[in-house]
Amino acid sequence: MASPNDVGMRDGSPSGIHEPFTIEENISQLNAIDQSAVQLMSHAATALSSLTTPSSASSPAEDTNPDIDAHAAKAAFTQSTDSFLTALHDIDVRMKRQIMALEEAGIIDLGSGASRAEPHAATKASLRPNGVGAVGSLDVGWLNSRSTKVERDMEAELWDKAKKLLESLGNGQ
């Protein structure tokens, strides 16, 4: 589904349909995603401010009518919420495009590329990181958490620093 904020490819000629985006196009698409994130926060702020009630310290004349603009506030909230969800969907779609571009360029490997290209193809084991902390069937984070090498090295380094500090204090007297 095309979005009004999409950044188009080149001149739109049919011969360029399967050509990857250039670096400049990817950067402009990331910039558009950044602008949409700013709009997302603006829509959220508008929606939240439409739900807040005005402070009672403003003036006594306004306190007599507590239902000042309930319908306007509801309409503003509905419009802001719709705009928020549209912007969120827009960001989601464009981020997925960027992830797919990174996969096509070979920068990341999420392991699902074969399933997209050939749904019935057998998955091959790979020793390359998959982008979520696993190498093959091993979880690198789990393996690192089982090792105490870093802790032992840090402790040895701290003992060395303490020893040098005490020696320098002892030589100074």
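**Entry 1: ground rules**

Before looking at any helix, I wrote down how they are assigned: helices (H or I, at least four residues) and strands (E, at least two) are DSSP runs, numbered from the N terminus. I am working with a predicted model, in which local features need pLDDT of at least 70 and side-chain atom pairs count only at pLDDT 80 or more, while totals for chains, interfaces and linings use all residues. Residues are numbered from 1 along each chain as its sequence is written, and side-chain values use heavy atoms, with hydrogens and water left out.

**Entry 2: overview**

I counted 6 helices and 2 strands in the protein. Following the sequence, I read the order α-α-α-α-β-β-α-α. Next I looked up burial, where buried means under 20% relative accessible area, exposed over 50%, and partly exposed in between (1.4 Å probe, protein chains only). Of the 173 residues in the protein, 12% are buried. For contacts I used heavy atoms within 4.5 Å. Among contacts with a separation of 6 or more, 50% come from residues 24 or more positions apart.

Side chains of opposite charge can pair when their charged atoms come close. My rule for a salt bridge is a side-chain nitrogen of Lys or Arg within 4 Å of a carboxyl oxygen of Asp or Glu. That rule gives 4 salt bridges, and I followed up some of them.

I started with Lys149 and Asp153, whose closest N and O atoms are 2.9 Å apart in a salt bridge. How many residues apart are Lys149 and Asp153 in helix α6? They are 4 residues apart in this helix (residues 149-172), so about one helical turn separates them. Lys149 is partly exposed, at 46% relative accessibility, and Asp153 is partly exposed too, with a relative accessible area of 41%.

Helix α6 also holds Glu157 and Lys161, again 4 residues apart, or about one turn of the helix. Their side chains form a salt bridge with an N to O distance of 3.8 Å. I noted Glu157 as partly exposed at 40% relative accessibility, whereas Lys161 is exposed, at 52%.

**Entry 3: a pair in helix α3**

Then I moved to helix α3 (residues 70-104), where Asp90 and Arg94 sit 4 residues apart, about one turn of the helix. The two side chains meet in a salt bridge, 2.5 Å from N to O. Are these residues buried or exposed? Asp90 is buried, with a relative accessible area of 7%, and Arg94 is buried as well, at 4% relative accessibility. I also found the pair listed as a polar contact of 2.5 Å between the side chains. A polar contact here is a pair of N or O atoms within 3.5 Å; within protein, one must be able to donate a hydrogen and the other to accept it, and residues adjacent in sequence count only if both atoms are side-chain atoms.

Helix α1 (residues 23-51) packs with α3 at an angle of about 155°, the axes lying 8 Å apart. That makes α1 roughly antiparallel to α3. Axes are lines fitted to C-alpha atoms, for helices over the stretch in contact, and angles run from 0 to 180 degrees between N-to-C directions. Angles over 145 degrees count as roughly antiparallel, under 35 as roughly parallel, 65 to 115 as roughly perpendicular and the rest as oblique.
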